[in-house]
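This briefing is meant for a reader who is meeting the structure for the first time. Please keep the sequence and the model in view while reading the points below, which are grouped by topic.

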Amino acid sequence: MKLDRIPVQRGRGADKEVKRRRDKHPADQQLYSNIRAPSYHRQNLLDLLRQAVGEQDHARAAVAAVTLLAAQDPKYLPGPEKMFGPVEVKHFPEVAAAGFEILHQEASREELKRYLRKQQDRQLTAEGAELVTFELVYLLAEQGEYQDAYDVLDSISSKSTQHFYRAAVCGFLRHAQVSEILQKAACDAAFCRALGRSRPQIGINMFQYDEHVWTKGGQQLQEFWNSAELHLKAALKLQPSAVREACLLAQLYMMGGQPEDALETARAVREAAPADSDAHGLFILLSEAEGPTSETVTELSQAYLELLTCDPASEHALHGLLGLNARLPVAPTCLMEALALHLDVADGSRSSAQQAWSVLAQMLTSAANLVVDLEATSAQHREQSAAQEDHELSSQRAAANGQQPGDADGQVERQASGNEGGDEQQAGSSAAGAELGAAWDAWQIVQELLTVQRYWWKKLHFRWHGTLLAAGMLEEQQDPEQTSLQRSKAIVAAFMFDTGDDGMIDDTGEGFVPRVQEHMEAAGEFGVAMDIADAVELAISIKKVCCCFLQLCGLQ
């Protein structure tokens, strides 16, 4: 059904056209038997249109749409007010959109363009005309007619109501023209020969600046680039959280050799759209391209963490963060939180989950060892300080009781020497105390993180399935990856759940840690079983250290 070919003749010619369409679809005889029916038949036609569109019956939908659109304009059919009245303003965009969808399925691109251009003049409201204009622009853009699409959209600039969408689409069209010019320049055979390059097979990297290609683009390239930047910045000013437009602008800056502006654009949209994973992904992409440094590692690691918050199952985000940590140290609490987010949803059979368990077990062990070692050092300083105080007290008592003159001189020298040693001990004790305090604060954050996961992980990861799991573990011991996975999980569980002094009870309710250890021994994996036993012992030790630390702080 050619909706763009509505008859333009008046009188009998129009009546014949309606009769022809009516006879072609006898199922609709009731609706078309009296074309000059009262205006309530308009609602019947609308209902028929909606039903036919819903059932994808394009032939019936086309009949209803043709009649409704024709009746909207008196020059196509005589006396529309005597037939069923013109379509109401609120319904006309719906009818026009239905006609577009029908043609989209049944007609050629050229017929679609003719239809949309015709409907631009028929819309009764500025909003309706603008909607039709956008459809025409999208259609032209799909065919690569970017300049025609831009001209159509530019023609409604003074009366546009969709300011953001107009700026965004204009920016997209100019961006496409910039990309098109750069691609043609980079793939030009003569140009490549002159530079001694091989001709690109799949185009160029649009996130990379090439001075020679840019120069070949000429003045038109620069004009399109400036126009694209202007439109995209206007769109982001109206809607700062528009990630797609930010991506286009960042790419535009990268193509133009302005990586700092691209990174700033990514940073701004990341702040404006914290729940959008693409915003964090764009910032990560550009930051990694620039190369992370000790000054930017904190911001970059936080972006990875927020990306995992948006998409915890993302293996790329986890591997990226672990890779960053291998190059530059990432804050342990940030890394642990990222690992926990991924393990909340990750399938244990995936390599990313196995790696996450291994890294988490290693980090917990290192953090706990640090606290225990610093506490031992701090305790030694406390003992030395106490011994020094006892010595000074004894010296003061001896002086008070009277001594020989020679002894007094020796006492003064010994006291001075003792004071110097005491100052050094006091300085060492203060430094050790500060390190212990920092390590303790970090461990408290880790404990809070583990506490949050306790209930969920208890059901998800640390549930003992009796003899079936035990038999499976025994069989899987031949697989090094499975052995490492069970080892890491048992170590994490040792720190996550309270363990008794005998190391044989944990509050998972099923004794996960001791049972894994037992079956590792049964499978001959004595080294793994020893690692688990060491983790249990360390967990008991740090529990005692925590109690001692709280007592020293006067909290118990």
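Arg197 is placed in the loop between helix 11 (189-195) and helix 12 (211-238), in what should be read throughout as a predicted model. With a relative accessibility of 36%, Arg197 counts as partly exposed, because the partly exposed class runs between the 20% limit for buried and the 50% limit for exposed residues.

**The surroundings of Arg197**
- When residues up to four places away in sequence are not counted, Arg197 touches Phe191, Cys192, Asp210, His212 and Val213.
- Arg197 and Ala186 are 11 residues apart along the chain, and their C-alpha atoms are separated by 9.8 Å.

- Once its neighbours within four places in sequence are left aside, Ser179 is in contact with Met206 and Met255.
- From C-alpha to C-alpha, Ser179 and Leu221 are 9.1 Å apart in space, although 42 residues apart in sequence.
- Gln251 belongs to helix 13 (residues 243-255), and Gln251 is buried, its relative accessible area being 14%.
- The residues that Gln251 touches, not counting those up to four places away in sequence, are His175, Met206 and Phe207, and Met206 is also a contact of Ser179.

**The chain as a whole**
- The protein chain has 24 helices and 0 strands.
- Of the 556 residues in the protein chain, 44% are buried.
- Among the contacts in the protein chain with a separation of 6 or more, 65% are accounted for by residues 24 or more positions apart.

- In soluble globular proteins, nonpolar side chains tend to be buried together.
- The largest nonpolar core in this model holds 107 residues, and those touching the most other members are Leu339, Leu364, Trp443, Trp457, Phe462 and Phe495.
- Helix 19 (residues 351-401) contributes the most to this core, giving 12 residues.
- Another core, of 18 residues, lies apart from the largest one, and its members include Leu136, Leu153, Val169 and Leu173.

**Trp443 and Val371**
- Leaving out residues up to four places away in sequence, Trp443 touches Leu364, Ala367, Ala368, Val371, Phe495, Ile542 and Cys546.
- Val371 is placed in helix 19, and at 1% relative accessibility Val371 counts as buried.
- Under the corresponding exclusion of residues up to four places away in sequence, Val371 touches Leu436, Ala439, Trp440, Trp443, Ile542 and Val545.
- Val371 and Leu436 lie 65 residues apart along the chain, and their C-alpha atoms are separated by 6.4 Å.

**Helix 17 with helix 18**
- Helix 17 (residues 315-327) and helix 18 (residues 332-345) have axes that come within 11 Å and cross at roughly 155 degrees.
- This angle makes helix 17 roughly antiparallel to helix 18, because angles over 145 degrees count as roughly antiparallel.
- The crossing of helix 17 and helix 18 is left-handed.
- On the side of helix 17 the contact is made by Glu315, Leu318, Leu321, Leu322 and Asn325, and on the side of helix 18 by Leu335, Ala338, Leu339 and His342.
- By residue class, the contact of helix 17 with helix 18 divides into 6 nonpolar, 2 polar and 1 charged.

**Helix 22 with helix 23**
- Helix 22 (residues 480-496) and helix 23 (residues 512-522) have axes 9 Å apart and pack at an angle of about 150 degrees.
- Helix 22 passes helix 23 in a left-handed crossing.
- Helix 22 brings Thr483, Gln486, Arg487, Lys489, Ala490, Ala493 and Ala494 to the contact, while helix 23 brings Phe512, Val513, Val516 and Met520.
- The residues in the contact of helix 22 with helix 23 divide into 7 nonpolar, 2 polar and 2 charged.

Terms used
Residues numbered from 1 in each chain as written. Predicted model: local features only at pLDDT ≥ 70, side-chain atom pairs only at ≥ 80, totals over all residues. Heavy atoms only, no water. Core = buried A, V, L, I, M, F, W, Y, C linked by side-chain atoms within 4.5 Å. Buried < 20%, exposed > 50% of the residue type's maximum accessible area, 1.4 Å probe, protein only. Helix = DSSP H or I, 4+ residues; strand = E, 2+ residues; numbered from the N terminus. Contact = heavy atoms within 4.5 Å. Axes fitted to C-alpha atoms, helices over the stretch in contact; angles between N-to-C directions. Parallel < 35°, antiparallel > 145°, perpendicular 65-115°, else oblique. Left-handed = near helix turned anticlockwise from the far one by under 90°. Nonpolar A, V, L, I, M, F, W, Y, C, P; charged D, E, K, R; others polar.
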